[in-house]
Amino acid sequence: MELKIIFHDEGVFIFCILVPLGYPLLYSYIYVTELMRDVPVTVIDDSKTALSREFIRNLDASQWIKVVGYSDNIPDARQHIKEQQTYGFFRIPSDFSNRIVKGEQVSVGLYSDMSAMLYYKGMFIGATDVSLDMNKKIKIERAGKATDEDEKMVVSPIKSREVALFNPQQGFASFLIPAILVLVIQQTLLLGIGMAGGTAAEKGEYSELVATSRRNRGTLHIIFGRAFAYFSIYAVQAAFMVCVVPKLFGLTQLSQGLDLMLFLIPYLLSCIFFSMALSILMRNREMSILVFVFTSVPLLFVSGISWPGSAVPPFWKGVSWLFPSTFGINGFVRINTMGATISQVAVEWRALWLQAVAYFVLAYMSCRTIIYRERRKDKTELREPFM
Amino acid sequence: MRNPNHSFLKCFWAVFYRECRRMCSRPIYFYCIIGAPLFCLIFFTSLMHQGLPHDLPIGVVDLDNSSNSRTIIRTLDAMDLLKVEEVYHSQSEARDAVQRNKIYGFISIPSGFSASLQAFRRPTVTYYTSYALLVPGSLTYGAMRKAVELVSGAAVRSQLLARGATENQALGFIQPIVIEPHATFNPTLNYSIYLCNTLIPGVMMLLISLMTVYSIGSEVKFNTARYWLEKGNHSILLSLGAKELPYTLAFFAIGFFCDYYLYGVMKFPSNGGFLPMLFLTLCMVLAAQALGIIFFSLIPTLRLALSMSCLWGVVSFSICGFTFPEIAMNGPVQALSYLFPLRHYYLIYASQTLDGNSMIYSWSSYMFLFIFILLPFIFMMRLKRELIHSFYIP
């Protein structure tokens with residue numbers, strides 16, 4: 001019966017079938033370029049020497065930065081930013097070469113527009129890489145005169161090396177898309193089931209539910225029947241998101257198929273029961289859209305994806321535990337992107353089962369309430385006109 | 001049809017009053033107009049009250065266990081950004097902790113580190129970072145690298161100073177060129193300033209266009225559209241204007257409060273003055289309302305128009321380019337972004353409020369917002385036809 005509702009109600013159809021199929025593709029397409037390369041900048045070259053020109057050439061050659069022109073002074077460079085032609089500028093002091101030759105330290109100013117963090121990050125990484133490269137060369141030239149190992153030792157006694165464990169190219173899509181996929185599952189279920197519940201409340205179709213309950217003698221049947229309908233649809237959707245979307249856009253995926261499946265089962269169940277429990281509050285069809293849509297943004301932030309989980313205040317952390325998406329996103333990202341096994345996400349896995357059980361009880365109780373209310377209404381044969 | 005005896009003001013007031021009563025009649029209006037925006041305001045500002053996150057947990061794999069390796073650990077722990085959560089005995093143990101989300105990354109000090117250091121063999125320490133979570137990943141990497149440079153630099157400096165070099169020479173020797181970053185108008189890299197100023201208006205715009213669609217669509221749904229037009233003397237402009245004005249006022253008041261809270265109480269940088277900012281807030285409210293009207297005129301079915309507004313509102317967070325910049329996106333996506341008012345809002349905010357440029361520099365973005373605000377007038381006749389002729393099909 002529920003399957004019939006899903007396919008015949010265009011509103012529910014949109015949210016349960018089309019959105020989960022379309023959104024991942026849309027988002028992946030927006031972020032498919034992954035990286036912010038070539039931030040356009042200008043340079044104020046007060047030194048105008050071979051060394052400073054070499055520095056500028058290296059900046060331009062870096063994948064993060066593109067030097068689009070020279071500026072004479074700071075106001076001039078700021079003007080370019082105002083006109084949105086550039087997002088920052090570098091300032092090379094007039095004594096740049098002199099100081100290097102004299103063996104003194106010289107600092108190059110980096111001025112970045114802060115309207116987006118990635119501009120700053122790109123400029124800073126690019127410039128730091130260039131300066132480290134040039135430093136090495138300068139040091140080698142100097143060491144050439146000193147020629148002993150002792151001198152090299154003095155320059156940098158500890159060498160360092162970075163190993164990026166996961167998402168090594170620092171791609172934006174690889175980082176955000178998995179979280180969005182998981183969130184889309186919960187939000188569309190909330191909207192879809194909420195809408196179905198609202199429609200039933202609106203049309204007074206709960207009586208149909210009641211009739212079913214008499215025939216089958218049990219609220220349990222209704223709940224399991226409905227849950228199974230959504231579960232079977234979302235199992236396909238989840239498989240599409242987890243297997244097809246990342247392949248299509250070449251995102252990192254280190255996961256074991258079995259672990260993912262094991263993890264997604266409790267997630268889907270807890271989302272379905274969670275939505276069923278809340279759908280009792282929906283008085284009419286459209287309400288679920290008005291109520292739930294805006295929560296996507298706070299939920300994404302509180303899950304620890306955009307904002308580090310360790311910096312989330314305890315109060316909000318507690319609130320976030322009420323939502324399946326918090327554990328879902330956390331566990332999924334670690335399995336998918338970091339290649340964790342199911343035992344390493346045991347905390348989240350158990351929490352999801354716990355939620356599934358708790359929300360099942362809630363859904364059961366809400367369903368009982370509805371049936372009880374409807375029966376009383378039937379008895380008195382009083383039909384309130386609905387708004 | 002039109003009754004010339006009804007004065008404009010009288011009709012306007014009648015529709016206006018009717019809408020206010022409708023707004024007070026159901027809790028969903030309070031939820032969307034007051035509850036949701038204020039919740040987001042409180043939520044985002046308190047969530048990111050640290051500005052730049054600090055005490056991110058990291059691990060150390062100390063295979064050397066010497067006073068030198070402990071110096072590194074102490075230095076790491078002393079950094080504002082970092083907190084050494086645990087010292088592990090092997091890399092696989094630490095990697096496991098990363099996968100369990102206990103730590104965001106770790107640093108590995110090889111065995112024989114102290115011995116090689118004393119023998120001038122230049123030992124290597126390795127940072128293991130994870131960019132599965134982008135923000136903590138890049139922050140921990142930067143801080144770990146800085147900590148090791150500090151330890152290494154301190155050793156060299158004392159050696160050079162002992163040999164009779166001046167402070168300046170020593171620095172010039174260690175690092176001939178340094179980059180001195182100036183993050184204009186947000187020197188502490190405060191994420192709250194960077195994100196809240198666009199997230200909160202984004203949520204508001206989403207809610208405004210949803211409410212606009214709902215306010216018009218519910219008339220069709222409950223078959224009261226004709227009654228509504230009658231009250232408005234059969235003039236669609238008058239009816240619609242008087243109907244939407246209460247929402248404009250309510251949302252503008254909420255927007256005003258958000259501005260006051262962000263720039264007055266939280267002291268976020270506001271270099272463009274208060275009046276231009278209020279003007280921007282007003283444009284934002286009107287553009288979002290216009291978007292709602294456009295959607296309902298094009299798709300005069302309540303749930304489809306609402307779904308459309310959702311899609312628009314949610315996608316605008318990504319496509320407006322404040323997290324992932326516009327210039328890095330594909331060409332077609334860049335072109336699409338012009339259709340999202342939040343994109344223009346963000347550009348104006350960045351130029352006018354953050355950088356303190358005069359309004360003239362954002363004229364093109366303002367122009368796009370004005371186009372959004374004016375567009376519904378084209379659809380007026382179509383909307384009227386739909387309102388009179390359409391019935392609610394469940």
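Mentor: Begin with domains: their bounds come from an automatic or database domain assignment. The model here is a predicted one. In chain B, domain 1 takes in 8-49 + 190-389, and domain 2 covers 56-174.

Trainee: What separates the centres of domain 1 and domain 2 of chain B?

Mentor: Taken over C-alpha atoms, the distance between the two centres is 49 Å.

Trainee: How many residues does each chain bring to the contact between chain B and chain A?

Mentor: Residues are in contact when heavy atoms lie within 4.5 Å. By that rule chain B contributes 117 residues and chain A contributes 116 residues. Together the chains bury about 11,000 Å², with 66% of it on carbon and sulfur atoms.

Trainee: How many salt bridges are counted between chain B and chain A?

Mentor: A salt bridge needs a side-chain nitrogen of Lys or Arg within 4 Å of a carboxyl oxygen of Asp or Glu. Between chain B and chain A the count is 1 salt bridge. Glu286(A) and Lys221(B) form a salt bridge, at 2.7 Å from N to O. On the side of chain B that touches chain A, 78 residues are nonpolar, 27 polar and 12 charged.

Trainee: Which strands of chain A and chain B pair, and in what sense?

Mentor: Strand E5 (residues 159-166) of chain A pairs with strand E4 (residues 124-130) of chain B in the parallel sense, over 7 bridges. Within this pairing, Glu162(A) is opposite Tyr127(B).

Trainee: How many salt bridges are there over all chains?

Mentor: The whole structure has 15. One of them joins Glu19(B) to Lys243(B), with the closest N and O atoms 2.6 Å apart. Glu19(B) belongs to helix H1 and Lys243(B) to helix H10 of chain B, so this pair ties together parts 224 residues apart in sequence.

Key. Residues are numbered from 1 along each chain as its sequence is written. Chains are lettered from A and ligands numbered from 1 in the order in which they are written. This is a predicted model: local features need pLDDT of at least 70, side-chain atom pairs count only at pLDDT 80 or more; totals for chains, interfaces and linings use all residues. Side-chain values use heavy atoms; hydrogens and water are left out. Buried area is the accessible area (1.4 Å probe) that two parts lose on being put together, summed over both. Ala, Val, Leu, Ile, Met, Phe, Trp, Tyr, Cys and Pro count as nonpolar, Asp, Glu, Lys and Arg as charged, and the others, Gly among them, as polar. Two strands pair if DSSP finds at least two bridges between them. Helices (H or I, at least four residues) and strands (E, at least two) are DSSP runs, numbered from the N terminus.
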